[in-house]
Every structure is written in structure tokens, then in C-alpha cells.
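Welcome to a short tour. Keep your viewer open and your selection tool ready, and we will go from stop to stop together.

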Amino acid sequence: MDFLDILTKKRNGIKLTKQEIDFFITGVTNGTIPDYQISAFLMAVYFQSLDEEETAYMTLAMANSGETLNLCSISGFKVDKHSTGGVADTTTLILAPLVASVGIPVIKMSGRGLGFSGGTIDKLESIPHFNVEVSQQQALQWAKQSNIVIMGQSKNLTPADKILYALRDVTATVESIPLIASSIMSKKIAAGADGIVLDVKCGNGAFMKTLENAQKLGKCMASMGHHVGKKVTVVISSMSQPLGNYIGNRLEVIEAIETLKGNISGDLLTVSLTLGANMLLLSGKVSTEQKGKELLLQNIQNGKGLEKFKQLLQQQSADTNIIHDYNLLALSPCKLLLKANASGYIYAVDTDCIGMASQQTGAGRKQKTDAIDFGAGIILKKRIGDVVEKGEILAEVYSSSEQKCQSAVLLLQNAIHISNIAPDTSPLILDIISM
């Protein structure tokens, strides 16, 4: 098979066969196809796209390009969750123990963050002694005992995706929906779950800025799951403001614990319950989303969700005392306050800008090699629609230096818009797609 022929077919908009796509992914993985031809192929896909069948073939080939996690030895329906990324999106730390607490196995491979979208693994590594480097054998053993494992991605998980992702980033082909979908779904399929709930963020703090594009991506991934025999539900949720009020690794761990204690409601809890309920719905544990939410809320109120989080900490060598002593999750020493320069309503926020402010504190990375300041971040005191008085505190900023704090405060000043007009309320859950 000659790759130039395959490249020419896709350039001309001709559908590729499974064998041709397998040949491409094999060549990407073993290095027999040079970067310049891979880049040309990505650009051809960007303009000519892939249909549902081609995207499914590509996804499976990428999933099988490296190690896969075999969960067959664990009884029951295994569920996984993935978010396309957002600011203060701490849902995994809330819904994973909650779903596991009702008897549904959650074995989740997560990644580290880049930019201002915090990675679940970074948040867990901010907890003293939490071990994310877990072997497959150990993960299976723990899952059988506790129904929950959250671990770092295997270095050889979907190696083809790592190569394609790096090239997409430098060839202006990131926005291709089939390429985004195959990247996400290949990792989820390789992780071995029976069902997957995908949280596609939409809005000014998300990669998908419009509902139309979020729906296109969601439908593509749901269809792909159907093609490969997985149950998939896509929840499209708004990212018109940070999901939670705590932004930064240790801060988000604290907010997750407070949510599991029943002390926090609002958007973060709403999205966590929606995603978790749909995980229960896929597993057959409940017959409706509402019953799923009620069951999860019950396990917040009776403490079973928090106890499952404690079990996760204990099995992965972390200090369980953090649940009751937040001094063990020390914040960075420099603190600055952002105060309102006018009275009125919080009319709108630039979520991207707030994310960049958190990155300025040291809570996020600009490059994969950057070190993270686990104690850095932002606590937002107000949300869209809240009334504020001039001089009232809008946010607390934590970092290792006053200069970093000041840089973050300047960004926050531009990100939070106050008006004498009350904003219209917009829905948090924009759509749910199942297949």
C-alpha cells in the first residue's frame, strides 16, 4: 500500500477504507510515515473531513496503537467520564466517588493540565503523597475492592494520538471535529469502560464557543461510540463562567471535599449530579436521570460519597486527614484581593481571561514541562447575577509572589463586568445526546 495514494484520495474527498486508515495509523505509530506527509493528511482531513465510519475506523486504530486497559475481570458495568476542559471544572473528584459509592465501578485514567484547564492528575498530586502512578494490575485489584481508581494515563496509551495531537497543534488543524472526536474517544476506548459520559463544554471559557459546534462534536462522539459497541451519553454544559468558585489545584480539591460534605450547591454540584446520574443511567442502576440525581444526593447527605473519597485517598497512599484539616493543603503565601470598582450586578465574565489569570498565579502550565504551584489560584466571591457594592471583595488571589498576584488581579479586573442592568439567566445544561 502506498501512503501517497491514500493522501491523494483524502485530498480529493474520497472515502478511505478501514485498511487504508489502519495503514496510516500504523505508519504514524512506528515512524514509517514522515511528519510532512502526516501533516498533509491532517490538512486534507481538515478540509475534506471524515464521515462517521471513517472516524470510527480511525478512533479504533488509534485506541489499539498502544496499551489498552482490560477491565473484564471486574464485575458489573464499568463507566467512565471525560470533559473537554474548562475553568474550575472539578466534577471528576465529586462524581467519581459518588458513582462508586452506589456500587458502579469507576476506573478512570486522567491527564495533566495544559493552559488554564486544570488536569485531574494535577489536582490529585496536590494532595500530599497521593500516588497516581498505578500499574494495571494494582488498578484492577483496587477496583475490585473499592469500585474506584483514578490514575495517570499509561505512557503507551494511544501513542498515535500523542503524535497526531502534537502535529495538529502546529499545523492549524486543531479545530477539525473528526480529529477532536477521535482523539478523545480513542483514549476512552483504550481505558476499557463499557459506557462513557462526555461533558462537552460550550461558551466563552470552552474550546467549543457555540452550541452548534458543541452539538456537532457531541453527535460525532456519540455516533462513534455506537459504531464501536460502547454506550455513550454526551452532556453539553455551559462554560459562560467558571463552573466552581475555587480555581487552582488545592483549592479545587477543597471545593470538591466541601461539595461531598454537602456544604456547596450551585453550578458545580448541578453538573456533577447530571453527569453522575447519566453514568448511573448508562449502567442500568436507575431508570431515569432524576432518580440518579436523587440517589447521588442521598449519598452526599448520608456521607457515603465522602467515605468513598476517603477510601480513594487511603488506597492511593494519600493523607486522609486533609478531609478535616485544610491546613494540610497549604495555599501559596502571597494573597491579594480584587475589589469591585462600582456597584451593580455581575453582568458577564470573560471565562478565558479568568483562566489566564489563574495561569498567571502558577496554577496552570504554559508548556508541558512547566512546574505547577499547587497552592496557587483564585477564589471567586461572586457569580453572574449577584449584586455587588463598590469596594466589595470579588476575588481572592493566591500565588508565590506579589508580582504574580498583581498580574492575575489585572486580568481579573478586565474579566469581570459590572452593570446596573441585571443579566438574563441562561441554562447550565444546554443539551443531552444519547446513542
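What volume does the second largest pocket have? In this predicted model, the second largest pocket has a volume of about 260 Å³. To find the place, select Ser240, Gln241, Ile384, Thr425 and Ser426, which lie nearest the centre of this pocket. They are among the 17 residues that line the second largest pocket. Colour the lining by residue type and you will see eight nonpolar, six polar and three charged residues.

Next, select residues 177-190, which form helix 9, and pick out Ser186 within this helix. Is Ser186 buried or exposed? Ser186 has a relative accessible area of 0%, so Ser186 is buried. Now show the side chain of Ser186 and look at its polar atoms. One lies 2.9 Å from the backbone oxygen of Ser182, and the backbone oxygen of Ser183 lies 3.0 Å from a polar atom of that side chain. Leaving aside residues up to four places away in sequence, Ser186 touches Thr59, Met62, Ala63, Thr158 and Asp161.

For the last stop, turn to the cysteines. How many disulfides does the structure hold? The count is zero. Select Cys334 and Cys405 to see an example: the closest cysteine sulfur to that of Cys334 is in Cys405, 3.5 Å away. A disulfide needs the sulfur atoms within 2.5 Å, so this pair is too far apart for a bond. Cys334 counts as buried because its relative accessibility is 15%. Finally, select Cys72, which counts as exposed at 68% relative accessibility.

How values were computed. Residues are numbered from 1 along each chain as its sequence is written. This is a predicted model: local features need pLDDT of at least 70, side-chain atom pairs count only at pLDDT 80 or more; totals for chains, interfaces and linings use all residues. Side-chain values use heavy atoms; hydrogens and water are left out. Helices (H or I, at least four residues) and strands (E, at least two) are DSSP runs, numbered from the N terminus. Buried means under 20% relative accessible area, exposed over 50%, partly exposed in between (1.4 Å probe, protein chains only). A polar contact is a pair of N or O atoms within 3.5 Å; within protein, one must be able to donate a hydrogen and the other to accept it, and residues adjacent in sequence count only if both atoms are side-chain atoms. Contact means heavy atoms within 4.5 Å. On a 1 Å grid over the protein atoms alone, a cavity is a set of points where a 1.4 Å probe fits but cannot get out, and a pocket is an open set with protein on both sides within 12 Å along at least five of seven lines; lining residues have an atom within 4 Å of a point. Grid points are joined across faces, edges and corners, and a volume is the space filled by probe spheres set on the points. Ala, Val, Leu, Ile, Met, Phe, Trp, Tyr, Cys and Pro count as nonpolar, Asp, Glu, Lys and Arg as charged, and the others, Gly among them, as polar.
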